[in-house]
Amino acid sequence: MNLTDTLQKFSEAAAGHGNAFKSIYEVALKASEQVFSLNTDFARSFFEGAVTHQGGSNYQEQFAAQAKQLELASAYFRDISDVWVKSQVEVFTLGSANAEVFARQLAAQFEQLVNVLPADPSKYSEVLNSALNAAKKACENVIDTSRQISGTTLVAKGRAQASDTRAAA
């Protein structure tokens, strides 16, 4: 096997992972569409509620209208949070599955490349090991941050639902 064959396999492996990036893009696009729809629906219902209850002088009607608007706002934020959390989970799942496969392929291709090169392979493996460790640490930081964000979002969502339940009671 020569250097050209190895580099071609590198390029094929990278091209094969384009589908994973396309899937992540599709998840982001779907989430954007859902958020746009939620924004439009919320704005429409908010303005309709403001227009229909603006002229009433009865305090009970005004209070009921404001309570309805608060319910709509609460549902809107809950739905936005759901879209965000689901999208984050889908992207994380796609990314982590693809990263594992890509890392294995990259390591195998790099090993073949090192064997073709005329220099001492141990120096290349040291550099590769260092680069892979740095990449692994970066991925772990991204995963930990994702988990923290998801945890914070889920806790906030749980608190919002609990306060909605208390308010309804």
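Student: How many salt bridges does the structure hold?
Tutor: This is a predicted model. A salt bridge needs a side-chain nitrogen of Lys or Arg within 4 Å of a carboxyl oxygen of Asp or Glu. The number of salt bridges in the structure is three.

Student: Which helices does the pair Glu 90 and Lys 30 link?
Tutor: The side chains of Glu 90 and Lys 30 meet in a salt bridge, 3.5 Å from N to O. The pair ties together distant parts of the chain, 60 residues apart. Glu 90 sits in residues 59-116 and Lys 30 in residues 18-52. Those are helices H3 and H2.

Student: Is Glu 90 buried or partly exposed?
Tutor: Buried means under 20% relative accessible area, and exposed means over 50%. Glu 90 has 30% relative accessibility, so Glu 90 counts as partly exposed.

Student: Which residue meets Asp 41 in a salt bridge?
Tutor: Asp 41 lies in helix H2. The N to O distance is 3.3 Å. The partner is Arg 44.

Student: What are the relative accessibilities of Asp 41 and Arg 44?
Tutor: Asp 41 is partly exposed. Arg 44 also counts as partly exposed. For Asp 41 the value is 40%, and for Arg 44 it is 44%.

Student: What is the N to O distance between Arg 78 and Asp 79?
Tutor: The side chains of Arg 78 and Asp 79 meet in a salt bridge. Arg 78 is partly exposed at 31%, and Asp 79 is partly exposed at 27%. The cut-off for a salt bridge is 4 Å. The distance for Arg 78 and Asp 79 is 3.9 Å.

Student: What pattern does the protein follow along the sequence?
Tutor: The protein has four helices and zero strands. Read along the sequence, the pattern is α-α-α-α.

Student: What share of the contacts joins residues 24 or more positions apart?
Tutor: The count covers contacts with a separation of 6 or more. Among these, residues 24 or more positions apart account for 85%.

Student: What percentage of the 169 residues is buried?
Tutor: The cut-off for buried is under 20% relative accessible area. The accessible surface of the protein comes to about 12200 Å², with 61% belonging to carbon and sulfur atoms. Buried residues make up 17%.

Definitions and conventions:
Residues are numbered from 1 along each chain as its sequence is written. This is a predicted model: local features need pLDDT of at least 70, side-chain atom pairs count only at pLDDT 80 or more; totals for chains, interfaces and linings use all residues. Side-chain values use heavy atoms; hydrogens and water are left out. Helices (H or I, at least four residues) and strands (E, at least two) are DSSP runs, numbered from the N terminus. Buried means under 20% relative accessible area, exposed over 50%, partly exposed in between (1.4 Å probe, protein chains only). Contact means heavy atoms within 4.5 Å. Accessible areas come from the Shrake-Rupley method with a 1.4 Å probe; for residues, only the protein chains shown count as cover.
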